[in-house]
Amino acid sequence: MAAPVIEHVPFLKKLAYAAPAFALAVVGIPIYVYLPKFYTDVVGIDIAALGYILSSVRIFDAVTDPPMGYLSDRTVSRFGRRRPYIAVGAAFVALFIYLLFNPPEGSPAFETVWFGICIYALFLFWTVVTVPYESLGPEITFDYNERNTLFALRDGLLIAGTLAAAVSPAVVQAAFGLAPDAAGERTKFFWIAVIYAPLVIGSAWWCALAIRERPSRERPAAGIWSGLRLVFRNRPFMILIVAYTISAIGNNLPATLILFYVQYVLKSPYADAFLMLYFVTGIVFLPGWVALARRIGKKRAWLLSIAINTGAFVGVFFLGPGDALIYGVLVFLSGIGLGATLALPSSIQADVIDYDELLTGERREGRYIGLWSIAKKLAAAVGVGAGLSILGLAGYIPNAEQPEAVLLALRVLYALVPSVCNLVALAIAFAYPISEAAHQRILDAIERRKKGDPVEDPLKPGVMITPEG
């Protein structure tokens, strides 16, 4: 039996879904790059205490993702499983953005407690929003190619939001003519909060109002631990998440080390310009990747984007002082694949969730998104921790000429290790089995299973799946 004809998603509906990604990007660079210096130099928190809080909140942020995914999968309400969390959680995200960016005057002990409470609350409600929000995406459309455009728009706005968040402090400071003193810094973060808090609420509520969730099937859901075991039996997902995580670990090293590499290896003051070039290139080429994926398939397009990124970045190892122009060309070439390395795995992930529905009879996006979030955060933590630790062991000296061992370590960590990680990810991802034709067979089998018929597993010929699972 053929699967039902699937309607394409209108652009405004896609935009309504994608919009929160732009606003929620504020819980990124401003939090991890700008706020620590603000709280130590202006507010007066001890830097060691700040470091402990930031490290612990990263762990807290990671471990809350799977329970939130499980909770959203199990939620039953007339407003749907995901949208109540998106709408209510966004209001609290906005509140704690404002409180975190605008600490009252007080003693260092008071300020430390204020920072700890606000940042823990912010990341708790950020999880309450983002896990159901990302879980909503795979059920908006089941069309193999339409998912590419949906997630390309979402992740393109995520890149744009990251770029906007990165430049927002400088833009606000210039727009209001703020002095680089304590009062000017407080005013700057006040206006950033005033801009972003309503943006978070408005975009999240637009998404919640514009997207109508599909009714969930009345079927007892597996418990959290048994449900996780079922996830691990989903071979396409395990291939995808292992390949993605290894690639992401490598890609987080350049993100962590770019300021060090540009300053000490290239001896160039233009790190911000190179970052902007990378992000803008990724956004510009993203529609082309969507079109290419429609022609050659998601898997091939994703592998090609990794290969282009890797091929360009290997050359960075051989650069040195005075090679800023060549570096800019290589950054541009590697940026061509940036958008595809984000959007296409998200689209592929939606397909493996369909396969999970065939195996289990449930829609369990939340549990998959929760595990995916842990993988992303683990990759970031490994990239940051390993990169900075190895630099320290090599003899890094702040704001000074670096010994040759540090320069070599920078080139290896910044260029070669990410390239090796991507090559390993490529080798693993070649085994991913869901093509467009296979995905259509999965959708057909889901429809037949819903009618009570036993079906053959499209990925395992001869293996039958019964309606009871």
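A: The cysteines come first, then the chain around them. This model is predicted.

Start with the sulfur search. Across the whole structure, 0 disulfides turn up. A disulfide here would need two cysteine sulfur atoms within 2.5 Å.

Cysteine 118 has a relative accessibility of 3%. Buried means under 20%, so cysteine 118 counts as buried. Cysteine 421 has a relative accessibility of 15%. That value also falls under the 20% cut-off, so cysteine 421 counts as buried too.

Next, step back to the burial of the chain. The chain has 469 residues, and 53% of them count as buried. Its accessible surface comes to about 19,900 Å². Carbon and sulfur atoms account for 70% of that surface.

What is the chain built from? Its secondary structure comes to 17 helices and 2 strands. The radius of gyration is 23 Å, close to the 23 Å that the globule rule gives for 469 residues, so the chain is as compact as a globular protein of that length. Along its principal axes, the C-alpha trace spans about 70 × 50 × 40 Å.

The chain carries 38 positive and 34 negative charges.

Technical notes
Residues are numbered from 1 along each chain as its sequence is written. This is a predicted model: local features need pLDDT of at least 70, side-chain atom pairs count only at pLDDT 80 or more; totals for chains, interfaces and linings use all residues. Side-chain values use heavy atoms; hydrogens and water are left out. Buried means under 20% relative accessible area, exposed over 50%, partly exposed in between (1.4 Å probe, protein chains only). Helices (H or I, at least four residues) and strands (E, at least two) are DSSP runs, numbered from the N terminus. The radius of gyration is taken over C-alpha atoms; the globule rule is 2.2 Å times the number of residues to the power 0.38. Accessible areas come from the Shrake-Rupley method with a 1.4 Å probe; for residues, only the protein chains shown count as cover. Lys and Arg count as positive and Asp and Glu as negative; His and the chain ends are not counted. The place of a charge is taken as NZ of Lys, CZ of Arg, CG of Asp or CD of Glu.
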